[in-house]
Amino acid sequence: MEFKLVSIAVLIAFYGCYFVKMLRQKKQGIQTDQIGKGKAGFVKSVEVTMKILAVLVFVAQLVSIFLGMSHGFIAIRVIGAVVSATGTIVFIVAVLTMRDSWRAGVSQTDKTELITNGIYQMSRNPAFFGFDFLYIGILLMFFNWILCVFTVFAVIMYHLQIVYVEEGFLLDTFGNEYLQYKKKVCWYIGRKR
C-alpha cells in the first residue's frame, strides 16, 4: 500500500471539504472562522491554542509524509490508513449535515440551528471525532515523536474546545433543547440509554 498517496488523498479530501465549505459560506456572507473572535480569557486561549496546534499538526504531517518518516509496522500503518480515511468521511458527513450552521469555533453573534439529525444522532461532535481520527491515522502511518507530540496536544485542545467552549455555548444558546439532546447522545460516539 502506498501510504503517501493515501495520506495525501485524505488530507486533500478533508481540508478540501473544510475550505470549500468556508468559501461557500463566505459567498453567502457567513464568517465561518470564528476561532478566538469576540472572546476573552480562557475561552479565547483555548480556541487560539487549538488553531495554532491545528496548523502545527498539519505542517508536521506534511513533513512526515514527504520525508517518509515512519518506524511503524505495516499492519499499524494499514490501520492508520483506515482510521484516517474514516475520520475524513466522518468529518465530511458532519460538515454537510450541519449545512449553514457549521462554524470553526463558536459564533457569539450568528443565529444557527441545533443540528441533531443524521450523524449528529450518533455523536454530538462528529467533526472533532473526524479531526481526531484523521490525526491519529496519519500518526499511525508516519509515526515519529514530533508528530506524536503535536497530535496528542491537538487532540487534547479539541477536547477542551468541546468541554469548555462548545458545551457552554450550546447550553446558553439552545437551553433545554440542548439538554435533552445531550441526555441522548454522547460526546464522540454512541447513544445513551
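1. Leaving aside neighbours within four places in sequence, Thr 97 is in contact with Ile 115, Asn 117, Gly 118, Ile 119 and Tyr 120. Please keep in mind as you look at these contacts that this is a predicted model.

2. Where does Thr 97 lie? You will find Thr 97 in helix α3, which covers residues 74-98.

3. Is Thr 97 buried or exposed? Its relative accessibility is 14%, so Thr 97 counts as buried, since the cut-off for buried is under 20% relative accessible area. The side chain of Thr 97 also reaches the backbone oxygen of Val 93, at 2.7 Å.

4. Staying with α3, let's look at its partner α1, the helix of residues 3-27. The axes of α1 and α3 come within 10 Å and cross at roughly 15 degrees. That angle makes the two helices, α1 and α3, roughly parallel, because angles under 35 degrees count that way. The crossing of α1 past α3 is left-handed.

5. Which residues bring α1 and α3 together? On the α1 side they are Phe 3, Val 6, Val 10, Ala 13, Phe 14, Cys 17, Tyr 18 and Lys 21. From α3 they meet Ile 74, Arg 77, Val 78, Ala 81, Ser 84, Ala 85, Gly 87, Thr 88, Phe 91, Ile 92 and Val 95. Sorted by class, this contact of α1 with α3 has 14 nonpolar, three polar and two charged residues.

6. Now for a second pair: helix α2 (residues 41-66) and helix α4 (residues 126-141) have axes that come within 11 Å and cross at roughly 30 degrees. α2 and α4 are therefore roughly parallel to each other. In passing α4, α2 makes a left-handed crossing.

7. The α2 part of this contact is made by Met 50, Ala 54, Val 57, Gln 61 and Ile 65, and the α4 part by Phe 128, Leu 134, Tyr 135 and Ile 138. How many of the residues in the contact of α2 with α4 are nonpolar, polar or charged? Eight are nonpolar, one is polar and none is charged.

8. Finally, have a look at Asn 125, in the loop between α3 and α4. Asn 125 has a relative accessible area of 6%, so this residue is buried. Not counting residues up to four places away in sequence, Asn 125 touches Ile 162, Glu 167 and Trp 187.

Technical notes:
Residues numbered from 1 in each chain as written. Predicted model: local features only at pLDDT ≥ 70, side-chain atom pairs only at ≥ 80, totals over all residues. Heavy atoms only, no water. Axes fitted to C-alpha atoms, helices over the stretch in contact; angles between N-to-C directions. Helix = DSSP H or I, 4+ residues; strand = E, 2+ residues; numbered from the N terminus. Parallel < 35°, antiparallel > 145°, perpendicular 65-115°, else oblique. Left-handed = near helix turned anticlockwise from the far one by under 90°. Contact = heavy atoms within 4.5 Å. Nonpolar A, V, L, I, M, F, W, Y, C, P; charged D, E, K, R; others polar. Buried < 20%, exposed > 50% of the residue type's maximum accessible area, 1.4 Å probe, protein only. Polar contact = N/O pair within 3.5 Å; in protein donor to acceptor, adjacent residues only side chain to side chain.
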